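Here is a short note for a colleague who is new to this structure. Please read the points below with the model open.

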Amino acid sequence: MALPKRIDFTDEGRKSLGKFSYEVRRSVLKKITEYNQKPDLIAAHIKQLTDTNPPRTRLKIGRDHRCIGSTAGDTPYLSVIIDRKDL
């Protein structure tokens, strides 16, 4: 996987984010903004998941939340935001 330059949401990802409390949404959006402003941080927090078809990626958002998505070119598209305890 090439080093991503920015992160974006799919429509499903935006819907998924809307299911969380205001504090969680704010935290996720703040972290995504931070990653987009400093792309070198993304590499330390994104992981290619194994044994998934189509290939999926996981991005850590703080201690308690993960974003699952796919990568198109150099851009990860986040399609689901989940609480880590639900993994």
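**Notes on charged side chains**

1. Start with Asp 11, which forms a salt bridge with Arg 14; their closest N and O atoms are 3.4 Å apart. Keep in mind that this is a predicted model.

2. Both residues sit in helix α1 (residues 11-18). They are three residues apart there, so about one helical turn separates them. Asp 11 counts as exposed, because its relative accessibility is 60%. Arg 14 is partly exposed, at 45%.

3. Arg 14 also forms a salt bridge with Asp 8. Here the closest N and O atoms are 3.8 Å apart. Asp 8 is partly exposed, with a relative accessible area of 23%.

4. How many salt bridges does the structure hold? There are three. One of them pairs Lys 31 with Glu 34, with the closest N and O atoms 3.8 Å apart.

5. Now look at helix α2 (residues 22-37), where Lys 31 and Glu 34 are three residues apart. That spacing means about one helical turn between them. Lys 31 is partly exposed at 23% relative accessible area. Glu 34 is partly exposed too, at 29% relative accessibility. Back at Arg 14, shared partners join Asp 8, Asp 11 and Arg 14 into one network of salt bridges.

6. Last, the surface. Lys 47, Lys 60, Arg 63 and Arg 84 form a positive surface patch. Lys 60 lies in strand β3 (residues 57-61). Its relative accessibility is 32%, so Lys 60 counts as partly exposed. Patch residues need over 30% relative accessible area.

How values were computed
Residues numbered from 1 in each chain as written. Predicted model: local features only at pLDDT ≥ 70, side-chain atom pairs only at ≥ 80, totals over all residues. Heavy atoms only, no water. Patch = residues over 30% accessible without salt bridge, like charges linked within 9 Å, V, L, I, M, F, W, Y side chains within 5 Å. Areas by Shrake-Rupley, 256 points an atom, 1.4 Å probe, with all protein chains shown as cover. Salt bridge = Lys/Arg side-chain N within 4 Å of Asp/Glu carboxyl O. Lys, Arg positive; Asp, Glu negative; His and termini not counted. Charge placed at Lys NZ, Arg CZ, Asp CG, Glu CD. Helix = DSSP H or I, 4+ residues; strand = E, 2+ residues; numbered from the N terminus. Buried < 20%, exposed > 50% of the residue type's maximum accessible area, 1.4 Å probe, protein only.
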